[in-house]
Amino acid sequence: MTERYPIADATELSEDGSRVITEIRGQEIAVFRHDGDYYAVANYCIHQGGPLCEGALSGQMTTSEDGWDWDYDGEEKYVVCPWHGWKFDITSGRSPKDERYAVPTYDVEVEDGTVYAVR
Ligand code: FES
């Protein structure tokens, strides 16, 4: 059964890069605003349990398979865990270095000015 949890008033997430961290049913989650949309991510780093969503948002450096070509994805949609620097894409929950690693994400709905996490 799907449940919906109120997270914040949408005015608290009015700018890209803003976030709200709260607790639902004993589990901390964060809702980020990025590129006009909202993304909910568990505030739990799969490395050693750090408070992932308290970290900075950044872009991501990428390299070609042979390592000779470098590129920088400047879209600041990667949250960097403040404990040891593991990085996750807030739009998918996946690690940009190895997509087998991911943190839980949740759907987000906005209704009448309230942002909800859905799971
Ligand atoms: S606990 Fe997050 S990088 Fe180690």
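In the predicted model, a salt bridge (a side-chain nitrogen of Lys or Arg within 4 Å of a carboxyl oxygen of Asp or Glu) joins K77 to D89, with the closest N and O atoms 3.4 Å apart. Because K77 belongs to strand β6 and D89 to strand β7, this pair ties together parts that are 12 residues apart in sequence; strands here are DSSP runs of E with at least two residues, numbered from the N terminus. Both K77 and D89 are buried, where buried denotes under 20% relative accessible area, exposed over 50%, and partly exposed the range in between, with a 1.4 Å probe and protein chains only. As the model is predicted, local features need pLDDT of at least 70 and side-chain atom pairs count only at pLDDT 80 or more, whereas totals for chains, interfaces and linings use all residues. Residues are numbered from 1 along each chain as its sequence is written, and side-chain values use heavy atoms, with hydrogens and water left out.

By the distance rule given above, the count comes to 6 salt bridges. Another of them is formed by R25 and E3, at 2.9 Å from N to O, and this pair links distant parts of the chain, with R25 in the loop between β2 and β3 (27–34) and E3 in the segment before β1, 22 residues apart. R25 is exposed at 59% relative accessibility, while E3 is partly exposed at 30%. A further salt bridge, with closest N and O atoms 3.2 Å apart, connects R4 with E111; R4 lies in strand β1 and E111 in strand β8 (residues 105–111), 107 residues apart. R4, at 33% relative accessibility, is partly exposed, as is E111 at 38%, and a network of salt bridges links R4, E109 and E111.

An open sheet is formed by 6 strands in the order β1-β9-β8-β4-β3-β2, with antiparallel pairing; two strands pair if DSSP finds at least two bridges between them. Since β1 (4–9) and β2 (19–24) stand at the edges with a single partner strand each, one side of each is left without a neighbour in the sheet. From one strand to the next the twist averages 30 degrees, the axes being lines fitted to C-alpha atoms and the angles running from 0 to 180 degrees between N-to-C directions. The antiparallel pairing of β1 with strand β9 (residues 114–118) extends over 5 bridges, and P6 stands opposite Y116 in β9.

Conventions. Helices (H or I, at least four residues) and strands (E, at least two) are DSSP runs, numbered from the N terminus.
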